[in-house]
Amino acid sequence: MTTPARTRLRVGVDGVRARAVAVDSGGRLVAVHRGRRGDPPARVLDALFRRGPGMAPTDRVVAVLPDLTLAESAQRARVGVLRVGAPAATAVPPLAGWTAERAALAGPVAMVRGGHEYDGRVSAPLDVPAVAEFARTCAGKVDAIALTGVNALENPEHEQLAAAVIADELGPDVPVMRGAETEALGLLERENTAVLDAALVSAARVRIDELSAAVRVHAPDAALYLVRGDGTVLPSLDAYRHATAWRGAALGGLLHGAARLAGVPSAIVVEATAGRAVVGTTLGGLLPDSGLQREIDGIRTGLRAPRLTVIHRRDAGFTGKVLAAIARARGGRDELPVVVVGERAEEVPDPSGIAAIRPGDGDLAAAVGAAVAEAAGSVDRIFWQGTGGGQDSVTRARMLALDAALRAGADPRKLRETPVREALMTYVPVPAARLQVTAVGPLLESADVAAVEP
Amino acid sequence: MASPSVNLGQLLDLGLLKRYEVLGGEAGLRRPVRVVVVGSTIHEISELAAGSVVVFGREQLTLDDLAMDIAIRLAGSAGLSGIIAARTPRQVPLVTRRLADRFALPLIGVDDIAPAGVVAAFDPYVRAPEIAGLRVLGDAARRFQRPPANANALTSSLSATLGEPVALIDAESRFVAGDPEVHALLGTCPTAEELGGPHPVAVTVRAGEADVLLQPVQVDPAGLAVYWIAVRLPGSAAGVLLEPIRRAVAIAALSFAVHVAGDAVRVEREHRRRSLLLNEILEQPDDPGRRTVERATALGWRLAGWHTAVQVQVSHAPSAVRLSALGAELEEQLAERGVTVTLVERAEGWVFWSTAEAEADAADPGPLTKRVNTALAAVEAEHPGLRLCAGVGGAHAGTAGIGRSADQARQAVLLARTTRRPAAVEHIDAVSARRLLAGWYGSAPLRGAAADLLAPLQDADPSGELVRTLRCYLDCQSSAKAAGDLLGVHRNTVMQRMDRVTQLLPADLDDPDDRLAVHLAARAVDVQWEDPA
């Protein structure tokens, strides 16, 4: 039925370093554009398409966009913050960890009755009139809503219901960010992430719209993705709502791309620039988790940060520290190759006993990393072991991770899974475990309609 | 493709689903469908065979469900041919529809869904599309066991069998019966030449947005098509589902051909009866037998009174025109103009007569001539290329008067033929000179002499251009300019041709006798005369 598909190009755009590449389905570089640092990503993409890849159809465009910060006040959205958790979770009010200045950026803040227990039982019935009242207070005063429910990862019912009530009051033009859209254990982390996402929604929309306009001009059938902080992809329609998720994309994309340029599946990657060196690891398409949560503008979010070591050039003993960081990253895995990229790559000496790989097109690493980026889905939450026992939870966690990877755009036939990491919880009155699992795989290509003909 | 297969687009066109909507992935409607299954969970999708269509019940998955995106991705990856699921009052997110487009996976929304019912309805068409076609064929065979009573019965019956609009058109692409929209759809698509061509076969033509199947109705299997049946094909009628429709239409065409042939035989018999009766009357004008009178009266013929006969002839007919049907058309056109008569077929055309009580009523032939003229013109307009002419006899009394008037009409029609005008009608009484000419034209030896006189011109120019120029020149009182205008050529061309004619002719055009003889000959030549003797 389907003839072997014609090659379809994957385009990667590095919006930080102003590089764009087109890669064919075999991973070969087909076209390259090197712009000047500071060129907007849309212009870099435009220049690449004018250069040539127009001859083959483009399946997707994956872009690394510069991090958005609250400091970009011009496009900052006003946010209404609602927590569904009274009376159980009111001890620390919303925006508690924020500086007074930042907290002032928000619109109305409220806590209403509702939320669930750790095992998903209703802790208090949702106070729907209070939610509607909150929405009415927000009308005309906010551009976005951040809504977080207690234990909403376990049972998102109240969050969804409250979101529907708010959407009914405010209409579809005011986006509602839900805390449970972020896979994080803590209520405050989820809430902070939702507030930040909501505050950045306008700025994100401007960036993505610019880019997607350029994509529509040159490759109307191509799908647009952004690179996440962990180097995997985020569909552009989700990216509007999750500006925090693509923080750190420049490094995430670079780590994968450098290994790809060096032709290895896993590697220690060093990027050496004029100001600093960054040492990171990529293992089979995933960046090892640092176990820390990313802080944005001094606010703790629910995003997990990859394990990276940053050494500033002004630090004393720069070279020695870099080599030490490499040794630490290898951590006994002696077979891991070392890949060095960046404009000052030659200044990093080979670590003892191993010849570092210095790929020729090192400056394209992040763009290539974007072009070949995979889709991943992660689960990290506490599973209450009900009647099904432990195995049941593991299966559920795996399904959730697979679904998340599929939503991100992965091809279900080519998904790989990490082993499920399990941490038993001993301080809760029922058997429970924190399960972590990630599924990752290449993106599902769009159908070749010409090959569909009977 | 080894085995015949249907696609989802065809299945939907069959109308088995009530109120459905294609929400996305339209490009995939052409994918072959191998099997239709009831879906239970979305993760099961990845285990389905490529080419499956999965139907979800409202409890399993609705279109606005968040999991729909995953279902589409799984289905796209597994090479499915479509997802059918229930709609909810909430709108289907644009993202979901785009996703379906991206994977060319048809996403069908229905209001009311019973997955088992959908599967049961689709299954026969998916498993054995040929068997599904037998229903149509069986229905057609039953309905067309007897020939349809008329064209309307044919179109309504066929339309009910196929569930599609049907029209009947004639060989010149004119609407006869059925759905006028199908005829309008055809427009100028099949030209009159195609429809009237010598080897008519069933064809499918693209008319605007739809395909139209054209099936010829042939009375003579080796002959021309007398009618065409036009059926607007539904989108599903392709490949294996088209064949039953074609066969059903062919059955209907055959059945209708039987009706047309039967009709023709009946009309033929009637005409023969009339023409025998007229012969009897003409042969024994003074003493028609009692039987003859009775039969004439039965036909509504009046033997007493003053009769004015009219003879109509075909001077030129294109091959597509059925001469046997022209009589009926003429009768119709005459009736519309207040001349209610029965045409009788004769060897040299058709004869009819009108009867008045008194000579005075019959004396003024003006109105009758005018009516016959417009009736002929109307028939000619219906058939491009057809030329008719008619002669009107004088009014004569009694049974014998019919014959006398008919004789005069025959002489008048000879005159009408020489004028070469469209719808020419001549009255025998109009000018007495005409009578003189009619006598002359009617004489075979004289016409032979005329042909001999012009033979050198015919030999030199078989196209007849010289003879036509000569006739025109003489008709125009030797004015080269007037003749040139009439012939559509320059005056000098006429002069040049006349020089040539003068050289070739064995006669001297300056001599009045020769000139008259040549003029008569030029008017009489190449008209096929019936010898009045």
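Here are some notes on this predicted model, point by point.

1. Housekeeping. Residues are counted from 1 along each chain as its sequence is written, while chains get letters from A and ligands get numbers from 1 in the order in which they are written. Because this is a predicted model, local features need pLDDT of at least 70 and side-chain atom pairs count only at pLDDT 80 or more, though totals for chains, interfaces and linings use all residues.

2. Where pLDDT is low, the predicted coordinates should not be read in detail.

3. Chain B in outline. You'll find 20 helices and 17 strands in chain B; these are DSSP runs numbered from the N terminus, with H or I and at least four residues for helices, E and at least two for strands. Among contacts in chain B with a separation of 6 or more, 65% link residues 24 or more positions apart.

4. A strand to look at: β12 of chain B. All 7 of the 7 residues in β12(B) (227-233) are buried, so this strand is largely enclosed by the rest of the structure. In a regular strand the side chains alternate between the two faces of the sheet. On one side of β12(B) sit B:Tyr227, B:Ile229, B:Val231 and B:Leu233, and on the other B:Trp228, B:Ala230 and B:Arg232.

5. Who pairs with β12(B)? Strand β8(B) (166-170) runs antiparallel to β12(B) and is joined to it by 5 bridges, with B:Asp170 partnered by B:Tyr227. Strand β11(B) (210-217) is also antiparallel to β12(B), over 7 bridges, and there B:Asp211 has B:Leu233 as its partner. Strands count as paired if DSSP finds at least two bridges between them.

6. An open sheet. Five strands of chain B line up as β14-β15-β13-β16-β17, with mixed pairing. β14 (344-346) and β17 (424-427) of chain B are the edge strands, each pairing on one side only. Inside the order, β13(B) (306-316) and β15(B) (349-356) pair in the antiparallel sense over 7 bridges, and B:Ala309 has B:Trp353 of β15(B) as its bridge partner.

7. Where the chains meet. The contact takes 22 residues from chain B and 17 residues from chain A. On the chain B side, α2 (68-78) and α3 (94-102) each supply at least two residues, and α2(B) gives the largest share, 6 residues. That side divides into 9 nonpolar, 8 polar and 5 charged residues. Nonpolar covers Ala, Val, Leu, Ile, Met, Phe, Trp, Tyr, Cys and Pro, charged covers Asp, Glu, Lys and Arg, and polar covers the others, Gly among them.

Notes
Two residues are in contact if their C-beta atoms, placed from the backbone, lie within 7 Å. A residue is buried if 20 or more other C-beta atoms lie within 10 Å of its own, exposed if 12 or fewer, and partly exposed in between; C-beta atoms are placed from the backbone.
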